[in-house]
Amino acid sequence: MDWKKIYEDRTCTADEAVKSIKSGDRVLFAHCVAEPPVLVEAMVANAAAYKNVTVSHMVTLGKGEYSKPEYKENFTFEGWFTSPSTRGSIAEGHGQFVPVFFHEVPSLIRKDIFHVDVFMVMVSPPDHNGFCCVGVSSDYTMQAIKSAKIVLAEVNDQVPVVYGDTFVHVSEIDKFVETSHPLPEIGLPKIGEVEAAIGKHCASLIEDGSTLQLGIGAIPDAVLSQLKDKKHLGIHSEMISDGVVDLYEAGVIDCSQKSIDKGKMAITFLMGTKRLYDFAANNPKVELKPVDYINHPSVVAQCSKMVCINACLQVDFMGQIVSDSIGTKQFSGVGGQVDFVRGASMSIDGKGKAIIAMPSVAKKKDGSMISKIVPFIDHGAAVTTSRNDADYVVTEYGIAEMKGKSLQDRARALINIAHPDFKDELKAEFEKRFNAAF
């Protein structure tokens, strides 16, 4: 059948599309910027028609209304990551959290461990051959489209066409809802003195020709801002932010010395400003690929001079790194941190580096400070990156190397980069813990 006829026959309103969802279904949203807000809003508006619908996804930038207590009979949020709008449901007991490495998600969908009845995604309008582009999120999207019983697509003419494993034929989608609205944007972070200092320390560990993985926020952008004198950097990253565009335009990032995907920025999803989305659109230098390729440790290990930079909430004397929980409270998720930490450690060329970068302290609502370097992790907190995986820890006060060091030497190195206000207290805890002089 002609693709235009298929598209026409399957186009409907959002209210009509979400009637495909039935009580007891498991509904999966595309990740992050690719979440279809009009379809999600229509699903919530139709809540009275559902009982026990499970909603799963990684990061959401949406309102997360389905996770609110007033909808607990209709929806259960079962997330693989939590966001500000959804983490409350887990603390309140009517939501669930599933620990998972990001690279495993497509496999778990494929094996039906993560069952998908309905998948909802945002795509570009079809091209002249009848292919829509998922645009900003390949990660688990492509596998979910293949595995779901029903695929509902919000066709947004502002979704960029980005190359890679991102194209789906209209025949693979069951319902189309035409919309037009800007994509969610993450504003540029403010880089203060602390972030700038952390950026300088991280930059000192990055050689010319390195392949980078970075996240989003003030610290990754601070690192990027310190790399203008580097040459021939490459990108193999879960995501990229606007700072990458600056370095590409300055000629610093050219991906010319990458060992795999040479000449390409290989990533799995986009999250930033419109400038980033416009940069990626129809750019042959940018390729989106599924997360079970980009994040798989065995693939990361093939990258030359791999440097991964991630953040955390807390590090203890042993080098245990807590990144996704605050005590017993689930704050976010593991995401791709361990994928890249282990991949860098396994580097075939032996030059991989895994950096955990963080301010030395966190500020509480009342303005007081707490040290992020601690003798013991908080009661109930989950270890994200184990002490055996820990490599470099960086704060504004310097760099602590973990590999090959004893527990005492690790603790000393970490205390040396702690905030001055907490050093005496930490030294006292050190001597108590190890029965040795600092």
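The structure is a predicted model. According to the UniProt record, an unreviewed entry, the annotation "domain: Acetyl-CoA hydrolase/transferase N-terminal" covers residues 7-178. The end C-alpha atoms of that span lie 11 Å apart, and its content is 21% helix and 22% strand.

**Q143 and its surroundings**
- Q143 is part of helix α6, which comprises residues 141-147.
- With a relative accessible area of 13%, Q143 counts as buried, because the value is under 20%.
- Leaving aside residues up to four places away in sequence, Q143 touches P106, I109 and R110.
- With R110 there is also a polar contact between the two side chains, at 2.9 Å.

**Nonpolar surface patch**
- A nonpolar patch on the surface is formed by F131, Y163 and F167, and together these residues have about 240 Å² of accessible area.
- One of them, F167, lies in strand β8, which runs over residues 167-169.
- F167 is partly exposed, with a relative accessible area of 32%.

**Helix α9 and its packing**
- Helix α9 spans residues 242-249, and D242, G243, V244, V245 and L247 are buried in it.
- The helices against which these buried residues pack are α8 (218-225) and α10 (274-280).
- The buried residues of α9 also pack against the strands β11 (234-240) and β12 (265-270).
- Just after α9, G251 adopts a positive phi of about 85°.

Terms used. Residues numbered from 1 in each chain as written. Predicted model: local features only at pLDDT ≥ 70, side-chain atom pairs only at ≥ 80, totals over all residues. Heavy atoms only, no water. Helix = DSSP H or I, 4+ residues; strand = E, 2+ residues; numbered from the N terminus. Buried < 20%, exposed > 50% of the residue type's maximum accessible area, 1.4 Å probe, protein only. Polar contact = N/O pair within 3.5 Å; in protein donor to acceptor, adjacent residues only side chain to side chain. Contact = heavy atoms within 4.5 Å. Patch = residues over 30% accessible without salt bridge, like charges linked within 9 Å, V, L, I, M, F, W, Y side chains within 5 Å. Areas by Shrake-Rupley, 256 points an atom, 1.4 Å probe, with all protein chains shown as cover. Salt bridge = Lys/Arg side-chain N within 4 Å of Asp/Glu carboxyl O. UniProt positions renumbered as here; feature names shortened; annotations may be inferred.
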